[in-house]
2 protein chains.
Amino acid sequence: MSTPSQSSGEVPVRSKRADAVRNQQTLLAAAAAVFVTSGVDAPIREIAAKAGVGMGTIYRHFPTRADLVVAVYRHQVEACAEAGPALLAGTDSPFAALRQWVGLFVDFLVTKHGLANALQSDSSGFEALHTYFLDRLVPVCTRLLDAAVEAGEIRPCTQAYELMRGIGNLCVGRDSDPRYDPRRLVELLLQGLRRPDVDAGKR
Amino acid sequence: MSTPSQSSGEVPVRSKRADAVRNQQTLLAAAAAVFVTSGVDAPIREIAAKAGVGMGTIYRHFPTRADLVVAVYRHQVEACAEAGPALLAGTDSPFAALRQWVGLFVDFLVTKHGLANALQSDSSGFEALHTYFLDRLVPVCTRLLDAAVEAGEIRPCTQAYELMRGIGNLCVGRDSDPRYDPRRLVELLLQGLRRPDVDAGKR
DNA sequence: TGACAAAGCGGAACACTGCTCCGTATCGTT
DNA sequence: AACGATACGGAGCAGTGTTCCGCTTTGTCA
């Protein structure tokens, strides 16, 4: 409040040194650039070199690779999360909103080389990434899903967590073959969600 | 020709040395064991150690990791491939056959620690794995799909290749969270395949 | 301004893994 | 038994993640 401290501790927290914040910014920019060309699992050394800092620095600012990835993409994830309620408000078909929102998410994943792979990877250093994405987006997805169920557009059995992971999984390895288009399969998944009133009342 | 040769070449192919075939068997057994405990991307050294051979030997018999994985699981993949036509013949609903067959495939993938991950990985040494699985199973899946389309149970837009990859993707990372069950999502995908007789004008 | 402690930095060093290469051992044949 | 072909073993190189500690920079206080 009065003193420049952002945490709840009462110790006098000295604000970060100027070179530290500078380096953090530099690192974020460098990482973003490297991610584009070499994917999110580019060698740490490469990112450090691009930023012109030593490896100790990168590990100090971002202890795990996931921390760095999250920091780089945080804005886009936030934007995606915030788009959820907006889409829901902008239409009278919650299912259509869900579909649009999922489209946003897929676009995001698909345009980040290797991000989907990393997201599902169980290798060390990526759990936090997984956690952040899910913590932020699952609630949004839940709202959309609930709304669609309430509107009677889909059947109620699916959990948002599972759906999100499924969608993420479908986006893995998009670049390996032009015949594979995650979007088509995600659309299929969403269709599978629909309440089958057609064939129920097929009579 | 007269000499024991199994390939089409006419050079006198001497049969493999006894220790070589012995080692190959030992390696397969060791690899199978290690895959169970450490996953299909266990260190090559570990497999070599388990088999009691040097690393040169393992690379000579199985130049890439995919070759080893394929050799270990070949029988199961073959069994899965052969089950396709059988299932189709055993029912009058091709879609039901497809569903059962997909179930077999999912069971196979899901019980092999990390296999699904490897299958989709674009990392070096796994392309051949990808290729083998797909070459062997896509034709089977195509037949099932075609039959279901012909029977009017599903709509015709989906390619077997894409479906297989989608299913494989959905099986990635099953162990990371008990809330994630690939089977449910695969079922959803299959439901999405169904012909919605709404838009089917021929009714 | 100058001195000093804390904060931050750099990169050498270690561990682990994939993969190659070649001297040596083994096998099968004559 | 001898000998050439075949196969083996593992040292060694290269790439990467991660740690650790001596050195530099920064902010503060007299």
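This briefing walks through a predicted model of protein chains with a DNA strand. Because the model is predicted, local features need pLDDT of at least 70 and side-chain atom pairs count only at pLDDT 80 or more, while totals for chains, interfaces and linings use all residues. Residues are numbered from 1 along each chain as its sequence is written, chains are lettered from A and ligands numbered from 1 in the order in which they are written, and side-chain values use heavy atoms, with hydrogens and water left out.

**The surface near DNA strand C**

- Around DNA strand C there are 28 residues, and those that come nearest are Arg17(A), Asn23(A), Thr57(A), Arg45(B) and Met55(B); a residue is near a molecule or strand if one of its heavy atoms lies within 4 Å of it.
- By residue type, this surface divides into nine nonpolar, seven polar and twelve charged residues. Here Ala, Val, Leu, Ile, Met, Phe, Trp, Tyr, Cys and Pro count as nonpolar, Asp, Glu, Lys and Arg as charged, and the others, Gly among them, as polar.

**Polar atoms facing the DNA**

- Arg17(A) has a polar side-chain atom 2.3 Å from a base nitrogen of DNA strand C.
- For Arg45(A), a polar side-chain atom lies 3.1 Å from a base nitrogen of DNA strand C.
- His61(A) places a polar side-chain atom 3.4 Å from a phosphate oxygen of DNA strand C.
- The elements giving two or more residues to the surface near DNA strand C are α1 (18-38) and α3 (55-61) of chain A, together with α1 (18-38), α2 (44-51) and α3 (55-61) of chain B. Helices (H or I, at least four residues) and strands (E, at least two) are DSSP runs, numbered from the N terminus.
- The largest share of that surface, five residues, comes from α3(A).

**A closer look at His61(A)**

- His61(A) is found in helix α3 of chain A.
- Is His61(A) buried or exposed? His61(A) is buried, with a relative accessible area of 18%; buried means under 20%, exposed over 50% and partly exposed in between (1.4 Å probe, protein chains only).
- The side chain of His61(A) also makes a polar contact with the side chain of Gln24(A), at 3.1 Å. A polar contact is a pair of N or O atoms within 3.5 Å; within protein, one must be able to donate a hydrogen and the other to accept it, and residues adjacent in sequence count only if both atoms are side-chain atoms.

**Two helices of chain B**

- Buried residues of α1(B) are Ala20(B), Leu27(B), Ala30(B), Ala31(B), Val34(B) and Phe35(B). They cover an arc of only 140° around the axis, so they sit on the same side of α1(B); the arc is that of the directions from the helix axis to the C-beta atoms.
- Exposed on the other side of α1(B) are Ala18(B), Arg22(B), Gln25(B), Ala29(B), Val36(B) and Thr37(B).
- In α2(B), the buried residues are Ile44(B), Ile47(B), Ala48(B) and Ala51(B). Their arc around the axis is only 100°, which puts them on the same side of α2(B).
- Arg45(B), Ala49(B) and Lys50(B) are exposed on the other side of α2(B).

**Chain A and the cysteines**

- Chain A has ten helices and zero strands, and buried residues make up 46% of its 203 residues.
- Over all chains, the structure holds zero disulfides (pairs of cysteine sulfur atoms within 2.5 Å).
- Cys141(B) is in no disulfide, and the nearest cysteine sulfur, that of Cys80(B), is 9.8 Å away. Cys141(B) is buried, with a relative accessible area of 0%.
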